[in-house]
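Work through the exercises below with the structure open beside you. Try each task before you read its solution.

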2 protein chains.
Amino acid sequence: MQEGKNVGITYIKVNESDNVAITVNAIASGTEIMDGVKVNQDIPQGHKIALCNIAEGEAIIRYGVTLGYALTDIQKGDWINEHMLQLPIPPSLDDMSYAVNLMSDLPEPPVRTFMGFPNEDGFAGTRNILGIVTTVQCVTGILNNAVKKMKETLLPQYPNVDDIVAINHAYGCGVAISAPDAVIPIRMLRNMVKHPNFGGETMIISLGCEKLTLEMLMDEDYNTPENVLTLQEVNGHDAIISEMMKMAQHKLKKLNKRQRVELPLSQLCIGLQCGGSDAFSGVTANPAAGYSADLLVNAGATVMFSEVTEVRDGVHLIAERCVNEEVANKLAAEMKWYDQYLENSHVDRSANPTPGNKKGGLSNIVEKAMGSIAKSGSSPIVEVLSPGERPAEKGMIFAATPASDFVCGSCQLSSGMTLQVFMTGRGTPYGLAAAPVIKVGTRNDLKNMWHDLIDVNAGPIATGEATIQEIGTHLFNEIIDVASGRQTCAEKYEIYNDFTPFNPAPIT
Amino acid sequence: MQEGKNVGITYIKVNESDNVAITVNAIASGTEIMDGVKVNQDIPQGHKIALCNIAEGEAIIRYGVTLGYALTDIQKGDWINEHMLQLPIPPSLDDMSYAVNLMSDLPEPPVRTFMGFPNEDGFAGTRNILGIVTTVQCVTGILNNAVKKMKETLLPQYPNVDDIVAINHAYGCGVAISAPDAVIPIRMLRNMVKHPNFGGETMIISLGCEKLTLEMLMDEDYNTPENVLTLQEVNGHDAIISEMMKMAQHKLKKLNKRQRVELPLSQLCIGLQCGGSDAFSGVTANPAAGYSADLLVNAGATVMFSEVTEVRDGVHLIAERCVNEEVANKLAAEMKWYDQYLENSHVDRSANPTPGNKKGGLSNIVEKAMGSIAKSGSSPIVEVLSPGERPAEKGMIFAATPASDFVCGSCQLSSGMTLQVFMTGRGTPYGLAAAPVIKVGTRNDLKNMWHDLIDVNAGPIATGEATIQEIGTHLFNEIIDVASGRQTCAEKYEIYNDFTPFNPAPIT
Ligand SMILES: [Ca+2]
Ligand SMILES: [Ca+2]
Ligand SMILES: [Ca+2]
Ligand SMILES: [Ca+2]
Ligand SMILES: [Ca+2]
């Protein structure tokens, strides 16, 4: 990575072949940023500058990759905004090369254990939570009141239990439950019953007449009165609250016996995603996350990255890292499924990026994809998951999910993720109730603005004050500490977003 | 309606031409329910009995309408369950007759006014609420904490304000915002800003980089610092909470000046829907709601009924009541849109009814449709609304929405509904935070079971202890009282479901 001078650097050029650089700060028209390159307009922070003349139809190159083709002649020093590029054709999903870029030389992690709550299935909890999964939104109102009462009167009696979390959602009834795509939301809710942070003691609250039946939600042997309450079988409001409280107390007693113990990192499952990205995401926070991912994978952990629409335009780079044909084929199948899902509604990948992304300097989905993939580091990809599936392998995994922060977060939770690392450029107070979220900011400005909402600042990479390896190692240590019990900003303030199942099938 | 003896009646036959009746209670095999009809099996409550022999392929008739065709020979006295019928072809949407059944002889309402909060646009509030509309789920976590604090510290200072309600939702980003169908969720959120219960003082909370921009959410002149807070422009968590509290206090001061005054019922907008229906819905609660709807419409009120998939198989009966060709054409267009929406995902109308409906005796969507339409009474249909549209006319309106309780409730709220009447057979604790919900049970058993969750019991209609007109008039009076401020069961316990926008477009 070529940068201007260490302190007060003005631009970042990532790859030798790039014909654009991005601005570290806003640059006034007329400023000479390097020998022979004087900017022709006022350019906002994070936006692209042409480093040479680019003729109409020529490729615009960043990360060594074609972001698009110039729609008009562009002069050296010009500001290149999203209206000046035409999207390239997306990479073909047929006959992608696989297993041709399997990096074995990963960096050495400083530690290989953490303090977690062990489970029978081999994935440990990072928190000890009484989880309550609902079959349908009908039960939400009354359950929320019971949870409030549980947190006020019961939770303080069980000091080893961190929280009580209801997985409320809009699925379960008034949906096309037999549609082919209904397998996705149903799998997501099934897997939440078994979330590692819930310690095998999840409470199930059902109404009684919903389409998502208890049989669909859980294994037969879990469907016992100790685990399940059906509201239509209880005599009215007060009795329902009382039954919920009794059940919670019984569960809390059991959960309170769980203790943190030292465990190998192979029992940890981490999720990565970004939201509110900007032009710095791909040069600061995401590469730092990628470095910490390499450390985690080398230590035996499972690390998932996701967000189909964001990586679609760099899918060939993911395929090259897939360990075998089966994994590469599943990657292609998930991408095709999503292409079709969007096409069915006459939508294409240009729906991403967001206006905020563009304001932050991200011209299009190709530029966003390159930055997004950077978070996965360089290790081999051992498995591809359909939305909400549980992994069978350990290591780096592509978990196919929408890019929507809440839907991606919920899908990763269903896949057993117990800690998420969330990179943000524009800033979001995002948090999940069922697992801690470490928020990594891309710019010093964001950390200064939201000092109490951003956990890790990757901004010093852009200013030359820190390296990717330094911030990546710092983030790795933060992951170990948070997995072992330290609170994140979102946890401190109890900032939590709702569980949002991915339901590609119709509402009825 | 033909019934067995007044007390201890065993069956209900609705129409002279019906060849089935439904059981008021479970009936043991061998019981003679009428001259010459002895039941051949144990039949559960609310299920159908054949009143004569029905040969394979012959029509099974209830409400004078063909529910389906017998798949095997059925003997007089047999229990007819959902596996014994084949669905008829749905009514054609082309060339439906309209304006051929325009009832002008509606029953006289006992009163024509209520005590409400007047608004400039002519639709009054039934509650005085500080409404907070969000652009995106990103802001939910921090907003919920602020609302909790507002309700604890600010709300008690403003006795004329009933509540503070955040319209949190999963829309706003990570969605295909330019998809053709995105107009629906965007319209829903836009209209929530103007909800009659929010008195023109709605707070808007945005993140700053979401796809659903402030410009898309509201009229230009509403976008002022007094009404809108953008989190990315505020310095961190504590400052955000503090800004939200300041804004809320300013709004509460203004809202506290609102007073209930006597208003004509023409300023009231009522919504009707059902959920967890059973075989009694169509003979007790829904016809009673229909009678109260006739009283309301005669008094000048606006009354909406909804749930496209539930009425689809009786659409020709709705069309006959449409006042002109334009209204009938919009009815057909909304039905066609929904047929296509389901077909796009390889789903058809048989996705409804639910397992609970079937357990309650509803064999299929035709039987459910006849019962569902009964709630709209007999008055002319003056307008058809797309999901979440605001009405231009007063009187009986078909507001096209999904049948999903939460999505229907949210769509009706967006259409300006300020009180919902919710008929339930199986029972649900459903409630909405932005408008009161009166729950009407179909059976005495339900009222006995859920004595503190069901507001009105229509069960006595089935046992012959009350007429449809008596319960309908009682419900009308209840609507007036609740619209004028009396609490419902759901309000007493603060049982509220989340706002759920209808988003037929993809997640990205
Ligand atoms: Ca992202
Ligand atoms: Ca995301
Ligand atoms: Ca209240
Ligand atoms: Ca219904
Ligand atoms: Ca419904």
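**Exercise 1.** What should the 19 residues of helix α4 (residues 237–255) of chain B span at 1.5 Å a residue, and how far apart are its end C-alpha atoms?

*Solution.* The model is a predicted one. The expected span of a helix is 1.5 Å times one less than its number of residues. For the 19 residues of α4 of chain B this gives 27 Å, and the end C-alpha atoms are 27 Å apart, so the two values agree.

**Exercise 2.** Find the buried residues of α4(B) and state what covers them.

*Solution.* Step one is the list of buried residues, among them B:His237, B:Ile240, B:Ile241, B:Met244, B:Met245 and B:Ala248. Step two is the cover, which includes α1 (140–154) and β12 (129–134) of chain B. The cover also includes an element of chain A, α15 (489–493).

**Exercise 3.** Which residues touch the most other members of the largest nonpolar core?

*Solution.* The core has 285 residues, and A:Met150 and B:Met150 touch the most other members. Now list the contacts of B:Met150, leaving aside neighbours within four places in sequence: B:Ile132, B:Leu155, B:Ile164, B:Met203, B:Met244, B:Met245 and B:Ala248. Of these, B:Met244, B:Met245 and B:Ala248 are buried residues of α4(B).

**Exercise 4.** Classify the ring pair of A:Trp337 and A:Phe502.

*Solution.* Aromatic pairs are described by the distance of the centres and the angle of the planes. The structure holds 18 aromatic pairs over all chains. In the pair of A:Trp337 and A:Phe502 the centres are 6.0 Å apart and the planes stand at 85°, so the pair is edge-to-face. The two residues lie 165 residues apart: A:Trp337 is in helix α8 (residues 325–344) of chain A, and A:Phe502 is in the segment after α15 of chain A. Next, take the accessibility. A:Trp337 counts as partly exposed because its relative accessibility is 25%, whereas A:Phe502, at 1%, is buried.

**Exercise 5.** Is helix α2 (residues 183–193) of chain A largely enclosed or largely open?

*Solution.* Count first: 8 of its 11 residues are buried, so α2 of chain A is largely enclosed by the rest of the structure. Among the buried residues are A:Ile184, A:Pro185, A:Met188 and A:Asn191. Their cover includes β13 (163–167), α3 (214–217) and α8 of chain A.

**Exercise 6.** Where is B:Thr418 placed, and what does B:Thr418 touch?

*Solution.* B:Thr418 is in the loop between α11 and β21 of chain B. Its relative accessible area is 1%, so B:Thr418 is buried. Not counting residues up to four places away in sequence, the residues that B:Thr418 touches include B:Ala124, B:His195, B:Leu268, B:Cys269 and B:Pro436.

Note on methods
Residues are numbered from 1 along each chain as its sequence is written. Chains are lettered from A and ligands numbered from 1 in the order in which they are written. This is a predicted model: local features need pLDDT of at least 70, side-chain atom pairs count only at pLDDT 80 or more; totals for chains, interfaces and linings use all residues. Side-chain values use heavy atoms; hydrogens and water are left out. Helices (H or I, at least four residues) and strands (E, at least two) are DSSP runs, numbered from the N terminus. Buried means under 20% relative accessible area, exposed over 50%, partly exposed in between (1.4 Å probe, protein chains only). Contact means heavy atoms within 4.5 Å. Rings of Phe, Tyr and Trp (its six-membered ring) pair if their centres lie within 6.5 Å; planes under 30 degrees apart count as stacked, over 60 as edge-to-face and the rest as tilted. A nonpolar core is a set of buried Ala, Val, Leu, Ile, Met, Phe, Trp, Tyr and Cys residues joined through side-chain atoms within 4.5 Å.
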